[in-house]
Amino acid sequence: MGTGTPDVVIIGSGMGGASVAAGLAGAGARVLMLERGRPIPADAHARDPRAVFVNGHFRPDETWLDAGGKTFVPGNHYNVGGNSKFYGAVLIRYRERDFEAVAEEDGISPAWPFPYAELAPWYDAAEKLYQVRGTADEDPTEPPHTGAYPFPPVVDEPALAAVRARLERAGARPFSLPLGVDVDTWLAGGATPWDGFPDTRSGKMDAETCGIAQALTDPDFTLLAGARVTRLETAPDGRTVAAVHYEREGEQARATPKLVVLAAGAVQSAALLLASGLGNRSDQVGRNFMNHNASAIIAIDPRFLNDSVHQKTFGLNDWYWGDGEGGPPLGNVQLLGRVSGEILRGQVERVPGIVLDWIARHAVDFYAITEDLPRPDSRITLEGNRIRLAWTRSNLHTHQALVARLKRLLRRAGFPIVLSRMFDGRTPSHQCGTVRIGTDGTEAPLDVFGRAFDHPNLFVADASCLPTSAAVNPALTVAALALRTADHIRRLELSA
């Protein structure tokens, strides 16, 4: 296929873009995907914790500005498959009530423009596409399913099965995380966790290995890596996107598609719209940035030997809808991927390595997530060609309460030492919300199918579309929304 005049251009190959591409496979449309990054090579330092967590081997040479104008290196990645190449493969649905207005400590988490039931069939489709392993009968907050998960859950390693049992005796209800990983294939590539480590097509079900793999079954699909989109150009009427400008290998190029699907991620999609001066009649492009309040919690028991490899198999939603005492929703807890002494060396200064190795051997690691509310003053702006991220946290006290509850539970379960550290703004803890969907073009940039109210041939299909962050990993919701958008395009745009 020529790359100049495709029917559809998809910008970005992460969970949103890849799922749209998969949904358009076989539609008879010429689809061109432009991705600024390149595939992670099979011989990369993908299983080296020092390369990944200490040296930032896979991070781009890019800096952003914070609210005060200080430069920082973001944790986002640019490669074929987007940030999903590094994700923890937790493919969990938003809970049914997450689609309704929910009273949080710092305000109202607004209702979505449609209920859970509208997205439920697309969750089913996304779980099938991404080959999710899970069970729907352990978590009391699990939303309705039409059937079982495609595969049974990933089994706890013995050390983690013991931890699960200790938590149950302490009164908690652990549930098996829905995961997009073939654990046997992953471990055949090396005895490492998958959480945070880049996949080199070796067992993790991500945007490249599932979404793009499905798209590549269609001969009318072309993936052009190393192509950085710089601008969207409109026709003289100012409404139709007429051209997509991009750079590749030092050359300037343009494509003139019928439809454009923007899926560059919550930060870069907003930045491209702002740079192009598009889609912002509502003055909401770049606003309502959300990033989960997230903390790492390490529970230490000198009598406990953690000989697990990957660790990340179960979670807790005991406090998802409240603290049990009439308080507000607190959030989700899940295991982190196994934290080794080498990983701790990259995070903790002035502690001898022998001490960190001992801690890792006798500890189990958790990840606590609390919802961040959409606020107009949390936003992406541009200063020249520099991205400025001004993030104002919400529900911080709620998050501290979640961490405190978890610490008490872990002590009851026999872990006498429990340490925690909150992730800062440099860590992308599920960025979303900057180009949200809605029903009114004066209040949201996109309609309920992700079409720009101001530009009928422009769609956005990534985490920027999300009206709320909920308190669970957003990857599956992004995929479900993107498959729904692809179906809408097939039925109403490509058939016209």
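Residues are numbered from 1 along each chain as its sequence is written, and side-chain values use heavy atoms, leaving out hydrogens and water. Because the model is predicted, local features need pLDDT of at least 70 and side-chain atom pairs count only at pLDDT 80 or more, while totals for chains, interfaces and linings use all residues. Helices (H or I, at least four residues) and strands (E, at least two) are DSSP runs, numbered from the N terminus.

**Helix contacts**

Two packed helices are described by the angle between their axes and the distance between the axes. Axes are lines fitted to C-alpha atoms, for helices over the stretch in contact, with angles running from 0 to 180 degrees between N-to-C directions.

| Helix pair | Axes come within | Crossing angle |
|---|---|---|
| helix 3 and helix 11 (residues 475-494) | 8 Å | roughly 105° |
| helix 1 (residues 15-24) and helix 6 (residues 207-215) | 7 Å | roughly 30° |

Helix 1 is therefore roughly parallel to helix 6 (angles under 35 degrees count as roughly parallel, and 65 to 115 as roughly perpendicular). Met15, Ala18, Ala21 and Ala22 of helix 1 make the contact with Ala207, Gly211, Ile212, Gln214 and Ala215 of helix 6; contact means heavy atoms within 4.5 Å. By class, these residues are 7 nonpolar, 2 polar and no charged. Here Ala, Val, Leu, Ile, Met, Phe, Trp, Tyr, Cys and Pro count as nonpolar, Asp, Glu, Lys and Arg as charged, and the others, Gly among them, as polar.

The axes of helix 3 and helix 11 cross at roughly 105°, which means that helix 3 is roughly perpendicular to helix 11. Their contact has 11 nonpolar, 1 polar and 4 charged residues.

**Strand 13**

In strand 13 (residues 293-300), 8 of the 8 residues are buried, so the strand is largely enclosed by the rest of the structure. Buried means under 20% relative accessible area, exposed over 50%, and partly exposed in between (1.4 Å probe, protein chains only). Asn293, Ser295, Ile297 and Ala299 lie on one side, and Ala294, Ala296, Ile298 and Ile300 on the other.

Strand 13 pairs in the antiparallel sense with strand 16 (residues 363-370) over 8 bridges and with strand 19 (residues 417-422) over 6 bridges. Two strands pair if DSSP finds at least two bridges between them. Ala294 has Ile369 of strand 16 as its bridge partner, and Ile300 has Ile417 of strand 19.

**Loop residues with positive phi**

Gln131 has a phi near 50° and is found in the loop between helix 3 (116-129) and helix 4 (158-169). Gln131 is partly exposed, at 28% relative accessible area. Asn395 has a phi near 55° and is found in the loop between strand 18 (386-390) and helix 10 (396-412). Asn395 is buried, at 0%.

Conventions
Parallel < 35°, antiparallel > 145°, perpendicular 65-115°, else oblique.
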